Amino acid sequence: MRIVLLSLSLAVALALGSAVAQTVTVAGGAVGQELELTRAAADRYMQENPGVTVEVLEVPDLADNRLGLYLQFFEAQSSEVDVYQIDVIWPGDLAVHFVDLYDYGARDVADQHFPAIVENNTVDGRLIGIPWFTDAGLLYYRTDLLEEYGFDGPPETWAELTEMAQTIQDGERAAGQSDFWGFVWQGNAYEGLTTNALEWIASNEGGSIISPDGVITVNNSNAVEITDLAASWVGTISPPGVTGFGEEDARNMWQAGNAAFMRNWPYAYSLGQQDGSAVAGNFDVRPLPAGDTMGGEPAATLGGWQLGVSRYSNNPELAADVALFLASYDEQKVRAVEGSLNPTIMALYEDADVLEAVPFFGSLFDVFTNAVARPSTATAPNYAQVSSAFYTAIHSVLTGQEDAETALALLEIDLEALTGFPTGTP
Ligand code: GLC
């Protein structure tokens, strides 16, 4: 009898408990300071909303690994994660797994955000993710070393970058810095390589892999030329291991003072300026170099992350409330000031505190608003496969298994089979 009574009261306590305490789990990134920033935001939400627990689940750094994990949750229709941090390229591929945030209050705030991102996140009229932060590829360069080696300013073209990186690297090595490299970037076979290679190709008038209206353009001589140039960096101005680098590998080498130039996203800025960084006060950012073709212009790939609420969540309403809180003006401001994560709320680009902390959010505003999109909308729901075919082809050139001409010709055939799209010129 006692046991029955005890277990009865336990059941009552549990039932009461679950009615009172509610938990929302957010799957969030941990690149740079992301995890700390998201946890701090979750704490603020909990303070304002006693009775709610927001848990932040750390997910893998590399976009492909993160997607793999999410797909396992979706496959199982798991309610374990309520809110997912999703990449700007995923709404089309993953739309079926998310609720329409317009049904949960997003209508009131959507027009504060960059319209192009809201449009990107809207699939068949449904808002799959509330924009959280945006980004675009930038060139980080060492102001002290450029001066020391007598350069007037940072490189304007990839050819100039190649030469300057070599000169500085030779000099630093001769001065005893045996670990020093000219240029670090993201060359592992993953989504990050797609973003880097798209920048090379677009800046050399080689198009954007597949055009927004569904034409496969990647197999062209400008794309071949710049891909071959990039392959020539591996083991010369870039470490041989760059073909295994993600964002954090590049940043670590750069922040330790072991590189003259780095391609990375804005998040690396705050960290580089912090106490303890070997490059604090000695670097700046600018648009990436242009290609060497007559009309070559710098190109930055559009990146960024959204918060989507899972269809399999047990409490989509509360989950949406958390997502909208995390993506709100005040919270985006904290992430901008402390983590140099670009807001998606336009008004924050006029906020004095934001501009003081991260001056290039103002000076490079056009880089962020004119960034080149990956062909995720045109190829949905198969973008992940398209990108994988692309970065695999590029990686084979970087590692010397294939020359660019052959690799891009073979890629074109793969992309035709994958998408059924016609081929054409950029
Ligand atoms: C950054 C970008 C994201 C991109 C990824 C590639 O996280 O924000 O859009 O897919 O890098 O590594």
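Proline 381 is placed in the loop between H17 and helix H18 (383-398), where helices (H or I, at least four residues) and strands (E, at least two) are DSSP runs numbered from the N terminus. The model is a predicted one, in which local features need pLDDT of at least 70 and side-chain atom pairs count only at pLDDT 80 or more, whereas totals for chains, interfaces and linings use all residues. Residues are numbered from 1 along each chain as its sequence is written, and side-chain values use heavy atoms, with hydrogens and water left out. The peptide bond that joins alanine 380 and proline 381 is cis, with omega at about 5°. Most residues other than glycine have a negative phi, and most peptide bonds are trans.

The largest pocket holds about 450 Å³ of space. Pockets and cavities were located on a 1 Å grid over the protein atoms alone, a cavity being a set of points where a 1.4 Å probe fits but cannot get out, and a pocket an open set with protein on both sides within 12 Å along at least five of seven lines; lining residues have an atom within 4 Å of a point. Grid points are joined across faces, edges and corners, and a volume is the space filled by probe spheres set on the points. Of the 22 residues lining the largest pocket, Asn120, Ala373, Arg374, Ser376 and Thr377 are the closest to its centre. Two or more lining residues come from each of helix H4 (91-94), helix H5 (115-120), strand S4 (122-123) and helix H17 (376-379). The lining of this pocket comprises 13 nonpolar, 7 polar and 2 charged residues. Because domain 1 (8-128 + 304-369) and domain 2 (138-301 + 384-419) both contribute to that lining, the largest pocket lies between them; the domain bounds come from an automatic or database domain assignment.

The structure also holds 2 cavities of 30 Å³ or more. In the largest cavity, with about 280 Å³ of space, the lining is made up of 20 residues, of which Val31, Asp135, Glu247, Trp265 and Trp305 lie nearest the centre. By class, this lining has 8 nonpolar, 4 polar and 8 charged residues. Domain 1 and domain 2 both give residues to the lining of the largest cavity, so this cavity lies between them. The second largest cavity has a volume of about 30 Å³, and its lining residues include Val31, Tyr267 and Leu341.

Within the fold, 4 strands form an open sheet of mixed pairing in the order S8-S9-S7-S10, two strands being paired if DSSP finds at least two bridges between them. Strand S8 (181-184) and strand S10 (283-286) stand at the edges with a single partner strand each, so one side of each is left without a neighbour in the sheet. Neighbouring strands are turned by 15° against each other on average, direction ignored. S8 pairs with strand S9 (residues 259-264) in the parallel sense over 3 bridges, and valine 184 has methionine 262 in S9 as its bridge partner. Helix H7 (residues 158-174) packs on the sheet, touching strand S7 (138-142), S8 and S9, and its direction makes about 140° with that of S8. Contact here means heavy atoms within 4.5 Å, while axes are lines fitted to C-alpha atoms, for helices over the stretch in contact, and angles run from 0 to 180 degrees between N-to-C directions. In the residue classes used above, Ala, Val, Leu, Ile, Met, Phe, Trp, Tyr, Cys and Pro count as nonpolar, Asp, Glu, Lys and Arg as charged, and the others, Gly among them, as polar.
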